[in-house]
Amino acid sequence: MISIRLPVAALTCALLAACASSPTPHSPPPTPPTVLLLSIDGLRADMLDSGNSPNLSRLAREGVRSVGMRPSYPSLTFPNHYTLVTGLRPDHHGLVHNAMNTDELGDFRLSDRDAVRNPAWWEGGEPIWVSVEKAGYKSATWSWPGSEAPIRGLQAQQRRPFDENVPLPERMQLVLSWLEGAPDAVKPRFVAAYMEHVDKAGHKYGPDSPEYAAALRQVDAAVGMLIDGMTADGSLDNTNIIVVSDHGMATVKQDQQLIPDDMVAPEIARIISFGQSVGFAPQPGKQAEAEKALLGRHAHYECWNKAQLPPRWHYGQNPRVPAIVCQMDEGWDVVTPSMRTKRTPGNSGSHGYDPALPSMQAVFVARGPAFAQGKQLTAFDNVDVYPLLTRLIGIPAQPNDGDPKALEQALREPSK
Ligand code: AMP
Ligand code: ZN
Ligand code: ZN
């Protein structure tokens with residue numbers, strides 16, 4: 001259910017490092033520490049204990065970490081990144097899948113730059129950088145999903161589009177320059193940066209592979225660069241750093257792939273989205289046949305009419321959700337026939353499975369003046385990150401699905 005969160009007008013000094021001395025009646029209100037939100041795409045929660053991320057472990061030791069953060073349904077990249085910065089379930093913000101099709105807008109694909117930059121896909125939510133800019137403060141984004149489109153007319157003042165060819169050290173240098181407030185010395189209130197390396201290795205080699213662990217070491221080293229740079233310029237202890245992932249990663253064995261024809265003939269239903277949360281649109285006049293072929297439990301998946309999906313997924317009301325949704329069992333994928341033929345031998349990895357599965361749990365680590373030290377948090381839903389962000393930044397929250405109390409457990413001094 002969407003509930004209206006009232007503006008957090010009076011931030012407690014407990015959240016603000018700059019509150020060390022109380023403001024006099026004539027002094028301007030203190031500026032909250034910058035919030036730096038980093039995403040490590042596809043990092044499964046238990047990987048934090050794998051010994052491959054000394055810098056994340058340091059942040060956790062000096063701050064807080066969660067045993068796991070539940071992604072929203074479907075556990076895919078774009079839906080969950082947009083949830084993290086809006087507090088809305090995908091069904092409510094409208095990025096209901098990485099692959100969508102509507103009569104009005106046509107196809108949405110991650111590889112289609114025009115689609116990714118078309119505000120019409122994103123307008124169902126207001127990402128936090130837009131709210132920060134609206135409030136008259138600065139923000140900066142390195143390729144967070146949604147950041148390339150002007151949403152409700154606004155984008156982060158400083159931003160870069162998604163470009164896999166930009167090496168991590170270069171990205172981190174840019175983030176550091178943003179944190180310093182260059183070139184006008186006005187620090188942004190909110191900076192977000194995204195890293196795809198762990199997800200890519202996870203898909204190709206699976207989450208138990210040495211390559212997945214090596215990608216984590218690579219990304220962790222980038223986090224280390226940031227920490228070193230922030231230590232050198234003195235900003236580390238005046239920044240609230242939050243590191244998240246969007247979902248985990250599960251192993252897909254060699255032969256665990258279906259093609260759409262294994263499920264229903266294309267003359268009966270058109271496939272809208274491949275993968276693990278698989279959408280079908282019945283062909284005109286073929287609704288009953290499509291339902292007969294698809295609905296119910298099958299050997300490796302289960303399908304529902306969109307209105308009958310399990311309530312715990314909060315999914316199926318949005319017009320962009322296809323009429324029939326099939327959820328693959330953990331470790332099973334639906335791919336195109338050519339993808340199945342070209343598949344390299346051995347295990348690979350996927351996500352998009354039931355958000356309740358241990359393999360889908362995401363990461364949450366946070367360090368800074370607002371956060372408790374050395375504390376392990378119980379699992380929570382990723383919609384709860386947004387009200388924490390607005391509270392730390394000191395701006396009103398938009399209507400959202402998060403619980404502002406859920407992350408009180410993370411704070412150094414929870415509000416009284
Ligand atoms: P997926 O694993 O299908 O959920 O999507 C993750 C992939 O999306 C990453 O490995 C990136 O290659 C790609 N990606 C991430 N951000 C963007 C973006 N802003 N624009 C286009 N592609 C992106
Ligand atoms: Zn992802
Ligand atoms: Zn992925």
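C303 and C326 are joined in a disulfide, with their sulfur atoms 2.2 Å apart. The model described here is a predicted one, and this pair makes up the one disulfide that the structure holds. A disulfide, as a quick reminder, is a covalent bond between the sulfur atoms of two cysteines. The torsion about the S-S bond of C303 and C326 comes to about 105°, so the disulfide is right-handed. Each partner sits in a strand: C303 belongs to β15 (residues 301–305) and C326 to β16 (residues 324–328), so the bond ties together parts that lie 23 residues apart in sequence.

Attention now turns to the ligand. The space that ligand 1 takes up is the largest pocket. Two elements each give two or more residues to the shell around ligand 1, namely α2 (77–86) and α7 (197–205). Of these, α7 provides the largest share of the shell, with three residues. Sorted by class, the shell around ligand 1 consists of seven charged, five polar and four nonpolar residues.

Which residues come nearest to ligand 1? Out of the 16 residues around ligand 1, the nearest are T77, N98, E164, Y194 and H203. Several side chains can be followed down to individual polar contacts. For T77, an N or O atom of the side chain is 2.5 Å from an oxygen atom of ligand 1. H203 places a polar side-chain atom 2.9 Å from an oxygen atom of the ligand, and for D199 the corresponding distance from a polar side-chain atom to a ligand oxygen is 3.1 Å. Taken alone, ligand 1 exposes 500 Å², and the protein buries 84% of that area.

Two points along the backbone also deserve a look in the viewer. The peptide bond that joins Y73 and P74 is cis, with omega at about -5°. P74 itself is found in the loop between β3 (69–70) and α2, and α2 is also one of the elements that contribute to the ligand shell.

Notes
Residues numbered from 1 in each chain as written. Chains lettered and ligands numbered in written order. Predicted model: local features only at pLDDT ≥ 70, side-chain atom pairs only at ≥ 80, totals over all residues. Heavy atoms only, no water. Near = heavy atom within 4 Å. Polar contact = N/O pair within 3.5 Å; in protein donor to acceptor, adjacent residues only side chain to side chain. Areas by Shrake-Rupley, 256 points an atom, 1.4 Å probe, with all protein chains shown as cover. 1 Å grid on protein atoms, 1.4 Å probe; cavity = no way out; pocket = protein on both sides within 12 Å on 5 of 7 lines; lining within 4 Å. Sits in = over half its atoms within 2 Å of the grid points. Helix = DSSP H or I, 4+ residues; strand = E, 2+ residues; numbered from the N terminus. Nonpolar A, V, L, I, M, F, W, Y, C, P; charged D, E, K, R; others polar. Disulfide = S-S within 2.5 Å.
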